[in-house]
Amino acid sequence: MGNKVNTQSQIVVHGGLPSLISLALDSDTHLKRYAIMCLGNLAANESNHSPLLRQGAFKTLVDQAKHSNGDIKQYCAFAIANLASNSDVLNRLGKDGGINPLLSLAKMNNVHSQCLAITSLRRLALIPENRERLISSGILSILSDAGGSTEIEIQREFSACLCNLSLNVRCRADIVKTCIKELNRLLSSNDTDTVRQAMGALANITENQETHDTMQKSGTSNSTIALLQHSSMDIKREASRAIANLLGSKNQHCEVIRGGLVHLISLGVTSDPECQYNASLSFRKLSPNKDSHFTMINKGLPCLLFLLKAQNISTRKHAAGALRDLSGNDEYKMEFSKHGCIESLAALGGSRESELQTLAFASLRHLSLMSGLHSLMIECDIVEQAVRHISMAAEDLQCQIAGLFANLSESREHQTGMVKNGVVQAIVALARIENEEIQQDCARALANICANERNQVLIHHHGGLSCLIKLAQSKGDICQRYVAMGLQFLASNTEVRSAIIRENILPPFLELSKSTLLDFQRSSASSLASMSLNKENKSSILRKGGLKDILRLFSHPDLQVQRDAVFAAANLADSLDLHLDIVREGGIAAFLSIRSSTDVRVLRDLSRALSSLSLSDCAIDEMMNGDILKILFKLSRSSDIATQRRASLALCNLSSNGDKLKLLEEGVLKSLLFLSRFPDLEVERCASLAIAALSLGGNITNKVKIIEEGTHRQLAEMIQFPDNEIQRCAALALNGLLLGEHDEIKMRVFRETGSKSILSLISSNDEECVHSGIYMLGSLAENDEIRGALVEIGSIKWLVDKFKLGPIEIKRAAGYFFSLISESAEYHKDMANAGGLETVISLASLVDSECQEYGAFSLAFLASNREYQVPLVNMGAVRPLVSMMATNAESKHYAGMALLKLADNFENHITIAEEGGIQALLRLGRSRVTDEEVQYKAALTVGHLATNAVNQLPKQQVIDKGVGFAAGSWKKRSGVKKMQATEIAREFVNNSLQKSKETT
């Protein structure tokens, strides 16, 4: 009855169990065996399980399973195995002793019994509480023996049982030690279910990292990799899971990369979510290993991008994590420009999941290290997206965005667009976060953007300058270096420099100069150097105490700081208004302290500062100190041309305004002579101007010293130099030496330099050079001996030619020379032969008062020579003389003397009368400022003119028409009647005789 399904439950319902239990406990083995067999049949019906357990049948079975009779043991195990089919009683079976009978059954050689036992044990292993009970009961050794079976069912149950047992973490190590070989063997089974369960067991086991080495040594890892190509998706899932777990150990990577990575990539693009997850996890674990990058990037990028769109959020995270690691490889960064990687990462960055956003921007941050990808990133609006995320982002995401900005800012062509898109405001917000890495990247980004001049003003308006000043308080030395760079760049902008002063931001820069950090000191010095370029900033720097800090940095051991400090001081010295403050603050002494420097830039700015200060009286007294002069002498011999120029300019200024005698005593001439021979035009000019300044003045001692040094010879050589500016400066110096009444100096200069240099000047195409040459001739002509020599070499002809085309300055200088030549009658003939008479008349005809004076003076002497009186009148000398006599200029006296001399010749009377000479002489005679002798001569001359006019008329006309007719013929021009002139002359003569008698 117990074998039939219909009666199995009826036996239990009608109270058959107590009897069966009692018989099972009977001492009669035969009855016991049948009773237990019946209980086993009843246990085949699941509806009886509860009564069997409740009424003690299970306990009886457990107890009888220890019987010495093998059949009884076996039947008890069968019964318990039947009970194990009910999942509700599995825990009780395991707890109350149901395991050992099943283990004993599993040891039997009967295949069916063995299979039934293992199946029951597999079911018991479904309950977590039973797994350790099974392990402690020794199931693994039994399973290990059963694992060698060739029966498919036993293999299936074996692998399934181990799969269940492996779910317990503490059991895995024991499973590996005991059953790894059997599991590995089953992986090559032709039965899909067996392989699946075995692979599942191994996948569970690999979750414990300590099992990995054993698996690798046993070859299980390679078997697992091979199963990635299995046709069953279930097996692929378990194999990929096992590999994902194995990759937790780095020593497993090599085998997977070599034989399984390509298959993982294929699994990643399947539609199975679990395979996608396992592949994604594997990629995430492999991505830190650079050996995997070649395959993953060249073959796996499309797979990773596909996984970024997976439904499972974890799959997407692992794929994003793998991309982040792969993007850090500089060798393959450009590959990310293909397959739409940048676009996919940009889309991922817009995800609502903060972790995905962070991973996406981390990848973009890595890729942004490659400048070739910057344009693509900008086109994908990544910057705008990053700016939008900042306010709500977690600190990790903010860190990635800060790094992204810092890297993108390396590309100069994108900096302006980044600033316009609000990057500076975003950086300012990020810089407030107390995170050293974020602050460092913010400082780096600002430093890069500030390097672009077009952005500097906008950066300041967006708060970049204030942000850098705040970041200067950061403790990170790298951050501080970037801050120093940014501040230095911003301070170099003209508008920002003005804003720094206007907005009172200068004090932080001054504080940086006192920092112990070298980069801050450098930045401060550089910024002050830049700010000192603005004229309006200079006084503010002084008011804020900046000059003291600048001068203090002169002694800084760092050359760059010293350079910028001296440069700043030189800029301040460019303003005359600040010279007194510089002197008061000890600026001269500070400049003196760096005299031993060997740096070209320091010495260049030192010479520039001294050249500027040499313009002010307040600084000159201190600069006349012998040490400063020695510095200038040293700088004047520098190999740097700019330094030489400034030093020579300083010496030139001191020569003009300083103590000339002291300069000469200190040996300035040696330096000036050296500079005058230097092949730089600017230096030569300054040297010659300095010599000119030293030579000017009435101190004959200075000129003698200059001559004794042979300076005039060097100046003469410079005059012949092809550069006009050099010629002008040298001529000025030489003219300075020749000025005055020192005949010895003039003779020495003329003898030792000759006329070649003068001729070089006069023949020049430069009007100033010509003027200097003619002026030099005038100075030399003051000496009688030299004058004669100049006439002999044809100097009159030179000046006549130059006079015709020259400007007024040349005409004046030539007029002075002609006036000196005209004083000596012996040179009148030379004047006439060279065309000098016409030239003198032209000189007198000019409207320039100085030229008129020289012309009148010359005509006065030339007219005293009777040989040239008529030619002069015929050449038109009367008219300019008459014109001059009508004025109150200095030339009036000489013009009158000349006209009187010309009137001595009766042949000139008519012309004189026609040109208005009589009226001019009458005015001369009446003038109170004219001495009496001249008045007397004027009156006599007028009388002579009147008498001559009467004598020249025919007698018949005089008799018939009277003297009035002759006078009437003059009336049209002179308006003076003959009788009036006679009366005036007679009256003047009588008065003169009367005075003479009274005196006697």
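Leu696 has a relative accessibility of 40% and therefore counts as partly exposed, a class lying between buried (under 20% relative accessible area) and exposed (over 50%), computed with a 1.4 Å probe and protein chains only. The model is predicted, so that local features need pLDDT of at least 70 and side-chain atom pairs count only at pLDDT 80 or more, whereas totals for chains, interfaces and linings use all residues. Residues are numbered from 1 along each chain as its sequence is written, and side-chain values use heavy atoms, without hydrogens and water.

Leu696 is placed in the loop between helix 49 (681–695) and helix 50 (700–708); helices are DSSP runs of H or I with at least four residues, numbered from the N terminus. Together with Leu739 and Tyr775, Leu696 makes a nonpolar surface patch of about 240 Å². Patch residues have over 30% relative accessible area and no salt bridge, and nonpolar side chains are joined within 5 Å.

The structure holds 47 salt bridges, each defined as a side-chain nitrogen of Lys or Arg within 4 Å of a carboxyl oxygen of Asp or Glu. In one of them, the closest N and O atoms of Arg237 and Asp272 are 2.9 Å apart. Arg237 belongs to helix 17 (residues 233–246) and Asp272 to the loop between helix 19 (261–268) and helix 20 (273–286), so the pair ties together parts 35 residues apart in sequence. Asp272 is buried, at 10% relative accessibility.

Arg787 and Asp784 also form a salt bridge, with closest N and O atoms 2.9 Å apart. Both residues lie in helix 56 (residues 784–792), three residues apart. Arg787 is buried at 7% relative accessibility, whereas Asp784 is exposed at 53%.

Definitions and conventions. Patches are made of residues with over 30% relative accessible area and no salt bridge: like charges are joined within 9 Å, nonpolar side chains (Val, Leu, Ile, Met, Phe, Trp, Tyr) within 5 Å. Accessible areas come from the Shrake-Rupley method with a 1.4 Å probe; for residues, only the protein chains shown count as cover. Helices (H or I, at least four residues) and strands (E, at least two) are DSSP runs, numbered from the N terminus.
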